Amino acid sequence: MAPPLAYSLIATDLDGTLLRGDDTLSDRSLHALARAADAGARHLVVTGRPAPRVRPLLDAMGSTGLAVCGQGAQVYDAGADRLLWSITLDRELAETALGKIEAEVGEVYAAVDQDGVDGLTLIEPGYLMPHPTLPAFRVGRRDDLWCEPISKVLLRHPTLSDDELAATARAVVGSLATVTMSGPGTVELQPCGITKATGLALAAEHLGLGAHETIAFGDMPNDIPMFDWAARGVAMANAHPELKAVADAITLSNEDDGIAVVLEQLLADSLLGVPAEGALNP
């Protein structure tokens, strides 16, 4: 086995971070993750995607471990294909939150991710999926979104930017839900107090690891709580300015294998005996 890395837990977002724009993972990234595993590090996907939309990617990676899904609302065991932990968004609160947002900005288009390992993504008329490769089922009216328990609501506005919609939603939603922005065209409502850090902390505890052993990678404001929790947060070159502002370091973009670049440096540092506090100085 290779010498241990400075960090025992590698937490990576997917879209805009580990994945390229075409939803694929480069051979260089796969190799770097495999080398890190040989050195004893654990890899945790920490994503806004719900468990059913993550399962094919984990299968392609050969991962049978844990993944944090649904913006931290789910801890998924890929090997057992079950949720170790999940929390749902109260559907009445979600409807109330939507009403408050629309009272401020006019009509928005909504979608929901249902809870569970086989939960569907439902989209109402007018909603366009930001990731056209992800499966979604169109319903006839908004009331149909609430037919089963949900983990989150996704919002789009016909004219407002994501930043503008997220700012307004945070101002009016209050304690009804947590508002996040996780990618282009992706403003979300999730259970109040739930963030990526919530799920990451639970998964890390299950693995017997802690924040001081964790390096996290991301590209959007929804990754800020994860960066706050982890010992080190690394933003991609393509990251949102809000995340770059709180990152400990910035690597190359997701298209340029930014995570692999950092992991390769950590692996080289481990051979030289560089301690965690001396590794990856920005």
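What covers the buried residues of helix H3? Keep that question while setting up the view.

This is a predicted model, in which local features need pLDDT of at least 70, side-chain atom pairs count only at pLDDT 80 or more, and totals for chains, interfaces and linings use all residues. Residues are numbered from 1 along each chain as its sequence is written, and side-chain values use heavy atoms, with hydrogens and water left out.

**Whole chain.** Select the protein chain: nine helices and 14 strands are there. Helices (H or I, at least four residues) and strands (E, at least two) are DSSP runs, numbered from the N terminus. The radius of gyration, taken over C-alpha atoms, is 18 Å, close to the 19 Å from the globule rule (2.2 Å times the number of residues to the power 0.38) for 282 residues, so the chain is as compact as a globular protein of that length. Of the 282 residues, 52% are buried, where buried means under 20% relative accessible area, exposed over 50% and partly exposed in between (1.4 Å probe, protein chains only).

**Helix H3.** Next select residues 51–61, helix H3; its buried residues are Ala51, Pro52, Arg53, Val54, Leu57 and Leu58. Their cover includes helix H1 (14–18) and strands E2 (42–46), E3 (66–69), E4 (74–77), E5 (82–86) and E7 (121–123). Just after H3, select glycine 62, which has a positive phi of about 75 degrees.

**The six-stranded sheet.** Show the open sheet with order E8-E7-E6-E9-E11-E10 and mixed pairing; two strands pair if DSSP finds at least two bridges between them. Strands E8 (137–138) and E10 (178–183) are at the edges with a single partner strand each, so one side of each has no neighbour in the sheet. Inside the sheet, select E9 (residues 150–156) and E11 (residues 186–190): they run antiparallel and are joined by three bridges. Leucine 154 has glutamate 188 in E11 as its bridge partner.

**Cysteines.** Finally, select cysteine 69, buried at 0% relative accessibility, and cysteine 192, partly exposed with a relative accessible area of 47%. The whole structure has zero disulfides (pairs of cysteine sulfur atoms within 2.5 Å).

Technical notes:
Contact means heavy atoms within 4.5 Å.
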